[in-house]
Amino acid sequence: MSILYELIHPNLFLFNAFSHLFLAFLFGYANREYIAKMIKNPSHLIEKTGTLAFILGHTFISLAQFTLSYRDTSLSEFIKYVGMTAHSLLLIYVLANLRSGKVFHFSTFMFVLGQIGMIYFYLNHRKPNKIIFENNKYQLKNRNLFIYTFVIL
């Protein structure tokens, strides 16, 4: 079993799934005018790529978290790819915002670092005890990186 299934109650995954889905819904509702423009005129799609990436990213995170609640190790590959895709979409959201002229603040840097950490997490969530770095004083395991990522987020 992985760290997820040993330590985290399935209801927490369901709560995460609901939270991310609710966030996607609220963000979509707040940007409904842009979404209507995209539907009516697909040329606006490129202009508002970030909005769409944010909504899809959180919807996919919701799907990954909901699937994790089943605690079924046979779904690990599905969870891995959906989670990695979701957090990659959130990186696209940041890039689209930067492209549109928004300033790159420290909070944006932490958000990007967190997304990269979550991509790594979904890629390696079944190997929490894998040693990444080791010297005669310290061992860095995936488990440590997962915790650091969660703290950043």
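I began with helix α6 (residues 76–99) and helix α7 (residues 106–124), which pack at an angle of about 165° with axes 8 Å apart. Helices here are DSSP runs (H or I, at least four residues), numbered from the N terminus. Axes are lines fitted to C-alpha atoms over the stretch in contact, and angles run from 0 to 180 degrees between N-to-C directions. The model is predicted: local features need pLDDT of at least 70, side-chain atom pairs count only at pLDDT 80 or more, and totals for chains, interfaces and linings use all residues. Residues are numbered from 1 along each chain as its sequence is written, and side-chain values use heavy atoms, with hydrogens and water left out.

I noted that α6 and α7 are therefore roughly antiparallel (angles over 145 degrees).

Next I looked up their contact (heavy atoms within 4.5 Å). Among the residues that meet are Ile79, Gly83 and Leu91 in α6 and Phe111, Gln115 and Tyr122 in α7. I found 13 nonpolar, 5 polar and 1 charged residues in this contact. Ala, Val, Leu, Ile, Met, Phe, Trp, Tyr, Cys and Pro count as nonpolar, Asp, Glu, Lys and Arg as charged, and the others, Gly among them, as polar.

Then I turned to the lining of the largest pocket. Its largest share, 5 residues, comes from α7. By class, I read 13 nonpolar, 6 polar and no charged residues there.

Note on methods: Helix = DSSP H or I, 4+ residues; strand = E, 2+ residues; numbered from the N terminus. Parallel < 35°, antiparallel > 145°, perpendicular 65-115°, else oblique.
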